[in-house]
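Here is a short report for a first look.

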Amino acid sequence: MKKIIALFCVVSMALSFSACGGKPGGQGTSQAAESQAGKPYAGKTIRVVSMTAQVSDGIQKYLSDFENKTGIKVNLELYGESELREKTTTEFLSGSSTIDVFLFSPLQDMAAYSKNGWIEPLDSYLKDPELNWSDFAAPKAQITMSGKDSIGCLPLYSSVQLMYYRKDIFEKKGLTPPKNYDELLQVCEKLNDPSNNLYAIACRGEKVALTSQFSPFLFGFGGSWIKDGKSNLSSPESIKAIKFYGKLLGKYGPPGILTTGYSQMTQLFNSGTVAIAIDANALYATLTDKAESAYYDKVGVAPIPEGPTGRQSYKQVVWGSAIYSGSKNKEAAWEFMKFVAGKDVAAYITPKGMPSFRNSVWQDSRVKNVMPEDVVQAYATINQSETTNPYGLPRLTSVTEARDAIGEAVVHSIETKGEGKDIEAKAQTASEKVDELLKKSNEYGDKYPF
């Protein structure tokens, strides 16, 4: 038996030398030595395509460490978002792409990419203890492949909603950040001071732009965009949300709130016009920019308030990483996937306004030492909160048209301070329009694919 084993070893070594050129001291020997030194992928090269943003900065910062540790050579290509989408789509359609790992927007691309068979299911990979999958707090629905119950990507960073407030004004008036909707109305009543050009709150009021930021209130009252494949905007719970949002902005919002989108939100807060702003985490960098705001050092951050059904911030997976199903280097690609979703990159991008879905990142000194405690706490609270509002937007093919229809009903509520006699009728009209869009796309009722 020992002779057979010995013979097998000799033959294996001979085959190894033959495959690598068979020269002692050459590439084969070098790779073997590196493998024995803990680099099982020595000599492997993978191709990675990514968009140019802070996440790619994080990749580049630690890339040499990854290559030195694993022996994998990474050819990293960076593109703008639209260029990246065009690049991957064109190559994947050709059927001859050499891409191994690609970054993409799951909300926008997961359905199409997974339906076309371009994404490698990750279920078996997620069992890898080095990844620590239980550390991630991403909503499963956004990273699940269309038509399958398989995870298709690792979530890299999120967009959530936060409440920003003027610490100096709150301190002067003896107020603390409101924790629920009742407290929010009470605080707004005490803050509102139109005679001194100070208004209590700003949320988006522009017809289409408001949809995503209205969503935590909609789900906070137990409403939803779509239920059982049909519009749910005219349900009693959804009507309550529409009226509340209308009262909040109609009574306590500044003039011009109906034209307020993302950019206008920062202007209102930075000019000192409003004391509270509820919007996406992306606002934070501008609100605390000394060159942009006279109140950059007076910005407090808190979780958005809870409604009757809890705190319902969306948790959008802005970007994720996936393995191309046609990759010839899937094991090496997975090593890179663990790296790009790992703690080093997570700790690098989180303070730059790209919060990782890793729960542990909020205890990382590289995050805690550079981010204000209230910001860390707000993110942690949102991450740990269960939500029935994973997307922030209605999910259907004609989403833009649906947002327009929904926005009309909410705008009417703002105009009438949540008290208009036609609010229910406006909501019903919006629901009928959304149902028409669902039917037009063959997504109505039991045909709803999302």
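## The model

This is a predicted model: local features need pLDDT of at least 70, side-chain atom pairs count only at pLDDT 80 or more, and totals for chains, interfaces and linings use all residues. Residues are numbered from 1 along each chain as its sequence is written, and side-chain values use heavy atoms, with hydrogens and water left out.

## Helix 18

Helices (H or I, at least four residues) and strands (E, at least two) are DSSP runs, numbered from the N terminus. Helix 18 holds 18 residues, 423-440. Its expected span is 1.5 Å times one less than its number of residues. That gives 26 Å, and the end C-alpha atoms are 26 Å apart, so the two agree.

Buried means under 20% relative accessible area, exposed over 50%, and partly exposed in between (1.4 Å probe, protein chains only). I423, A427, A430, S431, V434, D435, L437 and L438 are buried in helix 18. They cover an arc of only 155° around the axis, which puts them on the same side of helix 18. The arc is taken from the directions from the helix axis to the C-beta atoms.

The face turned away from the buried side carries exposed E436, K439 and K440. Cover for the buried residues includes strand 7 (226-227), strand 8 (230-231), helix 10 (236-252) and helix 17 (399-415). Contact here means heavy atoms within 4.5 Å. Just after helix 18, N442 takes a positive phi of about 60°.

## Cysteines

How many disulfides are found in the whole structure? The search finds zero. A disulfide is a pair of cysteine sulfur atoms within 2.5 Å. The sulfur of C188 is 8.2 Å from the closest cysteine sulfur, in C203, so it is too far for a bond.

C188 is buried, at 0% relative accessibility. C203 is buried too, with a relative accessible area of 0%.
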